[in-house]
Amino acid sequence: MKYVPDLTLLDSWSDCKPHLHSPALAVFEFDNKKLIYCGTKHSANKSFQLLDKCFSDFDIDCIVTEYSRKATLTPDASTIETKNELEYAALVGMRAGIDVVFADTDKTDWISDLIALSPDYAHKMQTFFMLTDAYLYKKTFNEKFSINRAIKNVTHKIWNNDFPQPMNESEFKKYFLQNFGLEITDDNLSDMLAKHPNWNEPNKRGNLINKVQAEINLYSRDPYMIKCIFHAVNTHKCVLAAFRRRTF
């Protein structure tokens, strides 16, 4: 039997109710197969301990982990104890000769997948990444991003020729005012997410930023992850799926 996922059952984080604290483990047994779903908490000691228990208790022959499909990782990578738990799962598997699948999309995929739904996502994604980059830069270096610098940063890092032309500074200011009712400037760009922390919570009924975060998961990341898990289950006997837990 070949198992096929029903992607219509996917929903956003804001519409799900978690029932278990992370990290948590669910084991599914069917047709002489096992799917061990390890819902982790990033870099928590208990997450590492839970993964170690999975490797000890089950005869795992495939690992599917929340790691960018375009990432490179080799078994001789430095000290696995310093990695996050999802990378740790991959490295342990590689060193044991277990098949490892990197099951996450990256930023370029997010833009491609959402623009495929509607060209309108080009401006939404640009705004999302500009605010995120400016916020993270100030948080890390205590320096502000100008609007022009944020545009250049996003364009250089993740925009490609297949995407619609990105907004220039004046277009971005006009777009931001229309969608948020706020004036955006060089002075406040880096503080927008800090001043509105709820924007960081994925919510398909929220404002533009909340919606983009929810839709990245709904239309890019989650479908790809689910497809990777199902492919692994169809081709292996005992699959460990290691993902940061959102809900169970």
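Leaving aside neighbours within four places in sequence, Met125 is in contact with Trp110, Ile111, Leu114, Val212 and Ile216, where contact means heavy atoms within 4.5 Å. A second, separate core of 17 residues includes Cys38, Phe48, Leu51 and Ala89; a nonpolar core here is a set of buried Ala, Val, Leu, Ile, Met, Phe, Trp, Tyr and Cys residues joined through side-chain atoms within 4.5 Å. Buried means under 20% relative accessible area, exposed over 50%, and partly exposed in between, with a 1.4 Å probe and protein chains only.

A word on the model before going further. It is a predicted one, in which local features need pLDDT of at least 70, side-chain atom pairs count only at pLDDT 80 or more, and totals for chains, interfaces and linings use all residues. Residues are numbered from 1 along each chain as its sequence is written, and side-chain values use heavy atoms, with hydrogens and water left out.

**The largest core**

Met125 also belongs to the largest nonpolar core, which has 35 residues; together with Ile111, Phe129, Leu131, Phe172, Leu189 and Ile209, Met125 is among those that touch the most other members. Two or more residues come from each of the helices H3 (107-117), H4 (121-141), H5 (147-157), H6 (169-180), H7 (192-195) and H8 (208-235). H4 gives the most, with 9 residues. Helices (H or I, at least four residues) and strands (E, at least two) are DSSP runs, numbered from the N terminus.

**H4 against H8**

The axes of H4 and H8 are 10 Å apart and the helices pack at an angle of about 105°. That makes H4 roughly perpendicular to H8, since angles of 65 to 115 degrees count as roughly perpendicular, under 35 as roughly parallel, over 145 as roughly antiparallel and the rest as oblique. Axes are lines fitted to C-alpha atoms, for helices over the stretch in contact, and angles run from 0 to 180 degrees between N-to-C directions. On the H4 side, Tyr121, Lys124, Met125, Thr127, Phe128 and Leu131 meet H8 residues including Leu208, Ile209, Val212 and Ile216.

**The sheet**

Five strands form an open sheet in the order E1-E2-E5-E3-E4, with mixed pairing. E1 and E4 (99-104) stand at the edges with a single partner strand each, so one side of each is left without a neighbour in the sheet. From one strand to the next, the twist averages 20°. Two strands pair if DSSP finds at least two bridges between them, and these two pairings can be set side by side:

| Strands | Sense | Bridges |
|---|---|---|
| E1 (residues 24-30) and E2 (residues 33-40) | antiparallel | 7 bridges |
| E3 (residues 62-68) and E5 (residues 238-244) | parallel | 4 bridges |

E1 and E2 form a hairpin with 2 residues between them, and Asp31 in the turn has a positive phi of about 50°. In the second, Thr65 has Ala242 in E5 as its bridge partner.

**Two buried residues**

H8 lies across E1, E2, E3, E4 and E5, running at about 160° to E4. Ala232 sits in H8 and is buried, with a relative accessible area of 2%. Not counting residues up to four places away in sequence, Ala232 touches Cys62, Val64 and Val239.

Ser12, in the segment before E1, counts as buried at 3% relative accessibility. With residues up to four places away again left out, Ser12 touches Lys204, Ala214 and Leu218.
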